[in-house]
Amino acid sequence: MKKVNNSSLKLAQTKSNPFWRWFWLTFLVGSLAYAWYSFYVPSNDIAWANHITSTEMLTNNSNKNTLLFFTGKWCVPCRIMKREVFADNEVMKVVNSKVIPVMIDIDNQHSKGLVKQYKIGTTPTIVIVDSQGNVIDYAVGKIGKRKFLEMVNNLNTNK
């Protein structure tokens, strides 16, 4: 009978099965890919204004309606909208031609007045206002490209 000492037995018990090594490696790579995808936002050609702090600044001598996009740096649905909706070429053309787009970070101290004025409680929230600051249309939560284009394209019929 072959004698086995305790140190070789412990070594045999601590070696893991190759399946589990591949499983955890695959899990780690998949998790990292998902995290990157969740926070990835491609650039777009929408001329976002992001330093507006009051309604008076929104309506400064323009006959266009203003699109307010309330967001936060931590907001994953906002990032998904930026990636799936605002990065689309058709959406970029419509936004740049029909509205003045304003991206408002709700965590910024300078935008607290607008957040309070429009009663923003969650992100993402889209509010479309006229040149007097009156709400024309709004959407709370993540919306898709089709719904967003309907909102913006219906602005002409609402005037």
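Before you click anything, one cut-off: buried means under 20% relative accessible area, exposed means over 50%, and partly exposed is whatever falls in between. Keep in mind too that this is a predicted model.

**Stop 1: the disulfide.** Select Cys 75 and Cys 78. They are joined by a disulfide, with 2.3 Å from S to S, and the structure holds one disulfide. Look down the S-S bond: the torsion is about 75 degrees, so the disulfide is right-handed. Are these cysteines buried or exposed? Both Cys 75 and Cys 78 are buried.

**Stop 2: helix 4.** Now select residues 76-86. Eight of the eleven residues of helix 4 are buried, so this helix is largely enclosed by the rest of the structure.

The structure holds eight aromatic pairs. One of them is Trp 20 with Phe 23, edge-to-face at 5.5 Å centre to centre and with 80 degrees between the planes. Trp 20 and Phe 23 are three residues apart in helix 2, which puts about one helical turn between them. Residues three or four places apart in an α-helix point the same way, because there are 3.6 residues a turn. Trp 20 is partly exposed at 44% relative accessible area, and Phe 23 is partly exposed at 35%.

For another ring pair, select Phe 70 and Tyr 118: their centres are 6.5 Å apart and their planes at 55 degrees, so the pair is tilted. This one links distant parts of the chain, with Phe 70 in strand 1 and Tyr 118 in the loop between helix 6 and strand 3, 48 residues apart. Phe 70 counts as buried at 0% relative accessibility, and Tyr 118 counts as buried at 11%.

Stop 3: Select residues 125-129 and 135-140. These are strand 3 and strand 4, which run antiparallel and are joined by five bridges. Which residue of strand 4 stands opposite Ile 126? That is Ala 139. The two strands form a hairpin with five residues between them, and Gly 133 in the turn has a positive phi of about 90 degrees.

**Stop 4: salt bridges.** The count comes to four. Start with Lys 73 and Asp 105, whose closest N and O atoms are 3.7 Å apart. Lys 73 sits in the loop between strand 1 and helix 4 and Asp 105 in strand 2, so the pair ties together parts that are 32 residues apart in sequence. Lys 73 counts as exposed at 62% relative accessibility.

Next, select Asp 88 and Lys 145, which meet in a salt bridge at 3.3 Å, N to O. Here the loop between helix 4 and helix 5 is tied to helix 7, because Asp 88 lies in that loop and Lys 145 in that helix, 57 residues apart in sequence.

Finish within helix 7, where Glu 150 and Arg 146 are four residues apart, separated by about one helical turn. Their salt bridge has its closest N and O atoms 3.2 Å apart. Glu 150 is partly exposed at 37%, whereas Arg 146 is exposed at 63%.

Definitions and conventions: Residues are numbered from 1 along each chain as its sequence is written. This is a predicted model: local features need pLDDT of at least 70, side-chain atom pairs count only at pLDDT 80 or more; totals for chains, interfaces and linings use all residues. Side-chain values use heavy atoms; hydrogens and water are left out. A disulfide is a pair of cysteine sulfur atoms within 2.5 Å. Buried means under 20% relative accessible area, exposed over 50%, partly exposed in between (1.4 Å probe, protein chains only). Two strands pair if DSSP finds at least two bridges between them. Rings of Phe, Tyr and Trp (its six-membered ring) pair if their centres lie within 6.5 Å; planes under 30 degrees apart count as stacked, over 60 as edge-to-face and the rest as tilted. A salt bridge is a side-chain nitrogen of Lys or Arg within 4 Å of a carboxyl oxygen of Asp or Glu.
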